[in-house]
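This report walks through one protein chain, beginning with the surroundings of a single residue and ending with the chain as a whole. Please keep the sequence and the structure in view while reading.

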Amino acid sequence: AIKAFELNSVGYLLKPFSEDDLSKAIAKVEEAPEDSNEIKINEILSQLGIEKKYKSRFLIHKGDSLIPISTEDIAYIYTHDKLVVLVNKENQHYYLNQRMDELEHQLDPKNFFRLNRQYISSFGAIEKVANHFNGKLRVYLKPTTEEEVMISRIKAGAFKSWLDD
């Protein structure tokens, strides 16, 4: 019965459970095609008394220097010509050697939201949001961006809930 349940669910953990069992359940949630997977994982871990750790800072390579940047100083992260760029609140740009998907899972979803394929924004960088046609939203970030930042109709509800938390 447990094997059958595991095939059609996230997982079935019985105490005492192993780290491997928990990892498999989390991997199943991450593979599911929903935007709220990170929140679901946090809820599962919280119910188990486990708190997920998120990055609190990044060590950025710039020339011959290493620059520490706190996640509190990040305005947003975006992609441009297959490069990932971190923009801090002072509008300084730094290149990262990580993919957006990796960064999305490293940043606390209470403070950061994946707006679309190109942008992850901190709450503090959102200046205003405007309704757009077909249920889309236009997000105005600070520092300002060169291009319009849009949120799809599908993500708009989750984004509004995140803003109103």
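Leaving aside its neighbours within four places in sequence, leucine 115 is in contact (heavy atoms within 4.5 Å) with Ile120, Ser121, Val139, Leu141, Val149, Met150, Ile151, Lys155 and Phe159. The model is predicted: local features need pLDDT of at least 70 and side-chain atom pairs count only at pLDDT 80 or more, while totals for chains, interfaces and linings use all residues. Residues are numbered from 1 along each chain as its sequence is written, and side-chain values use heavy atoms, with hydrogens and water left out.

A nonpolar core is a set of buried Ala, Val, Leu, Ile, Met, Phe, Trp, Tyr and Cys residues joined through side-chain atoms within 4.5 Å. Buried means under 20% relative accessible area, exposed over 50%, and partly exposed in between, with a 1.4 Å probe and protein chains only. The largest nonpolar core has 18 residues, and Leu115 is listed with Tyr76, Tyr119, Val139, Leu141 and Phe159 as having the most contacts inside it. The elements that give two or more residues to this core are β3, β4 (83-88), β9 (137-141), β10 (149-151) and α5 (153-163). Helices (H or I, at least four residues) and strands (E, at least two) are DSSP runs, numbered from the N terminus. Another core, of 14 residues, lies apart from the largest one and includes Ile69, Ile74, Leu96 and Met100.

Two strands pair if DSSP finds at least two bridges between them. Strand β3 (residues 74-80) pairs with β7 in the antiparallel sense over 3 bridges, and tyrosine 78 stands opposite tyrosine 119. Strand β6 (residues 112-114) also pairs with β7 in the antiparallel sense, over 3 bridges. Here arginine 114 has isoleucine 120 as its bridge partner. The two strands β6 and β7 form a hairpin, with 4 residues between them.

## Backbone exceptions

Most residues other than glycine have a negative phi, and most peptide bonds are trans. The peptide bond from lysine 142 to proline 143 is cis, with omega near -5 degrees; proline 143 is in the loop between β9 and β10.

In the loop between β3 and β4, aspartate 81 has a positive phi, near 50 degrees. Lysine 82, in the loop between β3 and β4, has a positive phi near 65 degrees. Aspartate 81 is exposed because its relative accessible area is 64%, and lysine 82 is exposed because its value is 84%.

## The whole chain

The secondary structure of the protein chain comes to 5 helices and 10 strands. Of its 165 residues, 32% count as buried.
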